[in-house]
Amino acid sequence: ERTYRIAVIPGDGIGREVVPEGLRVLEAAARKFGFRLHLDEFDFASCDYYLKHNKMLPEDWKERIGSHDAIFFGAVGWPEKVPDHISLWGSLIQFRREFDQYANLRPVRLMPGIPCPLAGRAPGDIDFFVVRENTEGEYSSIGGSIFPGTHREVVIQETIMTRIGIDRILKFAFELAQKRPRKHLTSATKSNGISITMPYWDTRVEEMAKSFPDVTWDKYHIDILAAHFVLNPDRFNVVVASNLFGDILSDLGPACTGTIGIAPSGNINPERLFPSLFEPVHGSAPDIAGRGIANPVAQIWSGAMMLDHLGETEAGAAIVRAIEQVLPHKQLRTPDMGGTANTVTAGKAIADALT
Ligand code: NAD
Ligand code: MN
């Protein structure tokens, strides 16, 4: 029997509420499609772990999760207990970097039944991927402060872009565009204002495009691109962006489809030298944590992406279909989607809808 070893890390806040629903649906899919999931759960990469151990991860974390087939992650962060830059840099950002998960794949899709905040849009009108560079760019630890604490204080943080780093994310995005019916790619830039790194990004896009003559492409500055997400979301098919731009676009995109509570993501190492990590786009939502009303769809859909990555493509597609079947029913939707269900009711409904 096909068996996959999954490292499960619920993390903080609603991560602990939605991960069990993700697992419920994954295990239902395993039964239905005839494979096994071997689950190992870990309590690190959470703020409670930090308060006990004064660090986010144990020394041997790479050995403990590095040989799993994939990582199923909830969310990390609890700003009242631990500053965000410590909790995030000490866990998730370490995973992304050390496991070279340079491609952050984030689908944006208007799902049936969810009230769309954009007027006149129906399912099918919004259906694209944001591909976010996940290991370099604006999220660098190079920089510092001069004269700290004085009125002359200067703080500097560098953006790092490498040819290898840009080319490999562009290749991933062009290959994805090539597989999609519209074969179109959009690049997010800001070469009019960020005058060194972004013009370089643009030249690498032009160069990479030559290897994909069947893919059409365009580019927009990030400011007007954000506007087009709202005004003309049907324009997009695959949007490739640097680390920061991709982060922003992948909250904006799902917000345009009604709620960030459904948005999934894969942090992927395409070479499969390390495990890839699947998690919702959203965070730990301290404002609603503990009330049992968090939307589990992003976590469940992330599980579908994980199965797809593991080669269980039929099971992955079946989970997405089950989500699409359940969402039109108001009593099965959580409050962020205008419904009345709680987290467990919504999760069970999706598990039951698997066919
Ligand atoms: P957030 O995504 O946690 O919450 C933003 C808003 O969306 C909140 O009002 C929240 O209630 C709502 N929301 C989010 N997910 C939801 C869901 N599944 N169902 C219903 N409503 C949902 O972002 P934030 O408030 O900026 O950050 C809170 C914490 O999470 C911080 O510590 C932050 O650093 C962390 N964070 C972690 C990740 C991650 O683990 N990948 C991502 C983003 C933020
Ligand atoms: Mn984000």
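User: Which feature does UniProt place at residues 5-350?
Analyst: The UniProt record, an unreviewed entry, puts "domain: Isopropylmalate dehydrogenase-like" there. UniProt positions follow the numbering used here, feature names are shortened, and annotations may be inferred rather than shown by experiment. Keep in mind that this is a predicted model: local features need pLDDT of at least 70, side-chain atom pairs count only at pLDDT 80 or more, and totals for chains, interfaces and linings use all residues. Residues are numbered from 1 along each chain as its sequence is written, while chains are lettered from A and ligands numbered from 1 in the order in which they are written.

User: Thanks! How is the protein divided into domains?
Analyst: Domain 1 covers 1-95 + 271-355 and domain 2 covers 127-256, with bounds from an automatic or database domain assignment. Their centres, taken over C-alpha atoms, are 26 Å apart.

User: And the sheet, what's the strand order?
Analyst: The open sheet has 10 strands with mixed pairing, ordered β2-β1-β3-β12-β11-β4-β5-β10-β8-β9. Strands (E, at least two residues) and helices (H or I, at least four) are DSSP runs numbered from the N terminus, and two strands pair if DSSP finds at least two bridges between them.

User: Which strands stand at the edges?
Analyst: Those are β2 (35-41) and β9 (216-221); each has a single partner strand, so one side of each has no neighbour in the sheet.

User: How do β1 and β3 run, and how many bridges join them?
Analyst: They run parallel, joined by 5 bridges. Alanine 7 has isoleucine 71 in β3 as its bridge partner.

User: Switching topic: how many residues surround ligand 1?
Analyst: There are 22, and the closest are Gly77, Gly261, His282, Gly283 and Asn295. A residue counts as near if its C-beta atom, placed from the backbone, lies within 6 Å of the molecule.

User: How does that shell divide by residue type?
Analyst: It has 12 nonpolar, 6 polar and 4 charged residues. Ala, Val, Leu, Ile, Met, Phe, Trp, Tyr, Cys and Pro count as nonpolar, Asp, Glu, Lys and Arg as charged, and the others, Gly among them, as polar.
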